[in-house]
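Grab your viewer and a pencil.

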Amino acid sequence: MKGIITVLGKDKVGIIAKVCTYLAEHNLNILDISQTIVQDYFNMMMIVDISAPSKSFEEIVEELQQVGEDIGVEIKLQHEDIFNIMHRI
């Protein structure tokens, strides 16, 4: 199973490090990552393997939101099925 993580906000030092550290601590492997900065705004999308997390999907979603609040960005984790279904309709 895969999850899609998006991170948006004002650019600052350590955003990728904080997100990646959280993912590593909870056994979520990064499969792909894309990151850009547009006029001081940080935008990142990651595809992660969520097949063997250390916590439930819902707990990880909430904790990633908290990580985002702590560093001043918005972090969302969504299941890949949402995107697969959207493209079927």
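**Exercise 1.** Work out which pattern the protein follows when read along the sequence.

*Solution.* Now put them in order, and you get β-α-β-β-α-β-α. Keep in mind that this is a predicted model, where local features need pLDDT of at least 70, side-chain atom pairs count only at pLDDT 80 or more, and totals for chains, interfaces and linings use all residues. Residues are numbered from 1 along each chain as its sequence is written, and side-chain values use heavy atoms, leaving out hydrogens and water.

**Exercise 2.** Find out what share of contacts joins residues at least 24 apart.

*Solution.* Take contacts (heavy atoms within 4.5 Å) between residues at least 6 apart in sequence. Of these, 67% join residues at least 24 apart.

**Exercise 3.** Decide whether I5 is buried or exposed, and list what I5 touches.

*Solution.* First, locate the residue: I5 sits in strand β1, residues 2–10. Next, check its relative accessible area, which is 0%, so I5 is buried (under 20%; exposed is over 50%, partly exposed in between, with a 1.4 Å probe and protein chains only). For context, 29% of the 89 residues count as buried. Finally, skip residues up to four places away in sequence; I5 then touches L23, M44, M45, M46, V48, L64, I75, K76 and L77.

Conventions
Helices (H or I, at least four residues) and strands (E, at least two) are DSSP runs, numbered from the N terminus.
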